[in-house]
Amino acid sequence: MKAILYLDYDGVLHPEPVYRSPRGGMHFSVDQAGHSLFENSGILVEALAPYPEVAIVLSTSWVRVLSYSQAKAYLPDALRSRVIGATFHNAMNKFEFDVMTRGAQVLADATRREV
């Protein structure tokens, strides 16, 4: 069995908060001068390099807002290639998922995956 890293984007790979604009692009909701989206992804790539067995499950609202495929596409190749799924998927009840804490979302996914 692979080790799994549950990955959020906002506050992890870049400062938060990030929102989707009406024109469809993702952006910081407040001025984050000197920062860029996914600015810390290189750090995570380096940290995971010695651990090729670690898979990533997306635990980010980006999946709910965009889609799994679009959220995954924002990651650099080295991280994207590790992604095996997300805590949210379209077969789930969106309203029930939205009221769950992030920890409960991760626990439900880990239970489904028998981690």
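This is a predicted model: local features need pLDDT of at least 70, side-chain atom pairs count only at pLDDT 80 or more; totals for chains, interfaces and linings use all residues.
Student: Is Phe38 buried or exposed?

Tutor: Phe38 is found in the loop between strand S3 (26-28) and helix H1 (41-48). Buried means under 20% relative accessible area. Phe38 counts as buried because its relative accessibility is 9%. The state asked for is therefore buried.

Student: What is the phi of Phe38?

Tutor: Most residues other than glycine have a negative phi. Phe38 is not a glycine, yet its phi is positive. The value is about 65°.

Student: Is Glu114 buried or exposed?

Tutor: Glu114 lies in the segment after helix H6 (102-113). Its phi is positive, near 55°, although Glu114 is a residue other than glycine. The cut-off for an exposed residue is over 50% relative accessible area. Glu114 has 67% relative accessibility, so it counts as exposed.

Student: Which element gives the largest share of the largest nonpolar core?

Tutor: This core has 22 residues, and among the members that touch the most others are Leu7, Ile56 and Trp62. The elements that give two or more residues to the core are H1, strand S4 (54-58), helix H2 (61-65) and strand S5 (83-86). The largest share, three residues, comes from S4.

Student: Which residues does Ile56 touch, not counting residues up to four places away in sequence?

Tutor: Ile56 is one of the core residues that touch the most other members. Contact here requires heavy atoms within 4.5 Å. With residues up to four places away in sequence not counted, Ile56 touches Leu5, Leu7, Leu48, Leu79, Arg82, Val83, Ile84 and Gly85.

Terms used. Residues are numbered from 1 along each chain as its sequence is written. Side-chain values use heavy atoms; hydrogens and water are left out. Helices (H or I, at least four residues) and strands (E, at least two) are DSSP runs, numbered from the N terminus. Buried means under 20% relative accessible area, exposed over 50%, partly exposed in between (1.4 Å probe, protein chains only). A nonpolar core is a set of buried Ala, Val, Leu, Ile, Met, Phe, Trp, Tyr and Cys residues joined through side-chain atoms within 4.5 Å.
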